[in-house]
Amino acid sequence: MNGLLILLIIVLLGVAAWQLSKIFSLTQIGMAKGDSTIANDKDNNINGYLMFAFVGFIYIFTIYSFIKWGSFVLDTPASEHGKDYDNLMNISWIIIFTVQTLTQFLLHYFAFKYRGKEGQKALYYADNNKLEAIWTIIPVIVLAVLILYGLYTWNQIMYVDEDEEVINVELYAKQFSWEARYAGDDNTLGKANVRYIKDVNTLGVDMSDRASQDDKVVTEIHLPVGKKVHFRMRSQDVLHSAYMPHFRAQMNCVPGMVTEFAFIPTITTADMRNMPGMVKKVDGINKIRAKKSVELAAQGKPALEPYTFDYLLLCNKICGASHFNMQLKIVVESEADYKKWLKEQKTLASAIKEANAPKEDPAAVKETPAVAEAVVDTTKAVAKGK
Ligand SMILES: [Cu+2]
């Protein structure tokens with residue numbers, strides 16, 4: 001380690017000496033007559049036209065990007081607040097593009113127009129209060145309006161009426177998968193803590209809490225269209241981010257705390273699949289997959305399945321090696337279908353009971369953890385209570 005540090009110091013000293021010699025040679029410019037390092041009119045002209053060419057390149061590349069990659073932008077939002085969100089985004093884009101187009105043009109055009117000319121001296125111009133005031137006040141007003149509108153939209157999105165009827169769902173993030181928990185018949189999520197994680201209780205649900213008894217842990221989310229869903233996010237290990245792009249929803253999942261986000265899904269999975277934009281996108285993906293399948297077949301590998309669209313919950317924080325693979329399917333359907341699906345899901349209490357049921361092997365019975373007994377007891381207590 002010491003040897004490496006000494007080597008590093010020697011290299012850095014070498015770089016410093018080289019830089020010093022360059023500064024020295026710069027101070028010598030113009031000392032000798034006919035020095036080729038001084039820019040002449042020809043050099044200035046080349047630089048001037050290059051400036052002009054560069055702004056052309058920026059414009060052409062921008063237009064090219066729109067044509068080439070424009071279709072990758074997300075289409076119609078599938079949530080009620082999504083329209084407001086997209087509006088805010090579009091207004092920001094329009095302002096950014098207009099200002100960028102104008103200022104870049106002016107910057108490069110002036111660099112071209114006032115390029116160096118033999119015998120011409122630059123004009124000394126100290127300041128102009130009126131100009132300074134204009135280019136300070138205009139951005140201040142535009143930014144203030146944008147920020148206020150943004151804050152208003154954010155508050156509208158984040159507001160959850162306590163009396164409103166909502167579906168309570170918990171999203172649990174961990175390296176590298178998602179799990180979800182539905183609140184069950186009482187619509188209240190039971191308490192949870194990482195310390196209670198054991199066997200099938202992968203979310204650390206506190207099974208001594210009465211509200212936990214009917215909670216259901218699932219590996220796929222189903223949501224009824226047109227009903228408000230209130231998500232509560234937790235993380236087991238590191239920072240994750242619950243990202244549902246089609247619903248324009250994203251919230252960090254922070255270990256040790258609960259974060260929230262609520263929205264109303266407005267388009268069912270089936271309807272979204274039939275939207276013209278989505279049909280085109282899926283066709284495009286399947287063309288790529290078909291091409292890839294031919295290559296795979298040539299190598300004697302199995303072909304790729306055709307892709308069908310599904311809403312996804314993704315992780316949007318780079319949380320480790322398999323971050324890219326953190327996804328959970330979201331199905332938006334009619335309320336009747338949602339209720340039917342939820343009814344079919346097992347409660348966590350019954351899953352724990354099943355997992356800890358005495359087995360044929362007497363040794364297994366001995367190993368039955370104390371938690372299982374507690375669970376059975378609380379279930380009984382609840383049953384009596386009801
Ligand atoms: Cu993650």
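Which residues does the UniProt annotation "transmembrane region" cover?

Guide: The unreviewed UniProt entry gives residues 49-67, 88-112 and 132-152 as "transmembrane region". UniProt positions follow the numbering used here, feature names are shortened, and annotations may be inferred rather than shown by experiment. Residues are numbered from 1 along each chain as its sequence is written. This is a predicted model: local features need pLDDT of at least 70, side-chain atom pairs count only at pLDDT 80 or more, and totals for chains, interfaces and linings use all residues.

Look at residues 88-112. The chain there is 100% helix and 0% strand. The end C-alpha atoms are 36 Å apart. Now take residues 132-152. Here too the chain is 100% helix and 0% strand, with end C-alpha atoms 30 Å apart. Helices (H or I, at least four residues) and strands (E, at least two) are DSSP runs, numbered from the N terminus.

Step back to the protein chain. It has ten helices and ten strands. Its C-alpha trace spans about 105 × 60 × 55 Å along the principal axes. Of its 386 residues, 18% count as buried. Buried means 20 or more other C-beta atoms within 10 Å of the residue's own, exposed means 12 or fewer, and partly exposed lies in between; C-beta atoms are placed from the backbone.

How confident is the predictor? Its confidence in each residue is the pLDDT, from 0 to 100. The mean pLDDT of the protein chain is 86, and 90% of its residues reach 70 or more. Over residues 364-386 the pLDDT is below 50. Where pLDDT is low, the predicted coordinates should not be read in detail.

How values were computed. pLDDT is the predictor's confidence in each residue, from 0 to 100. Two residues are in contact if their C-beta atoms, placed from the backbone, lie within 7 Å.
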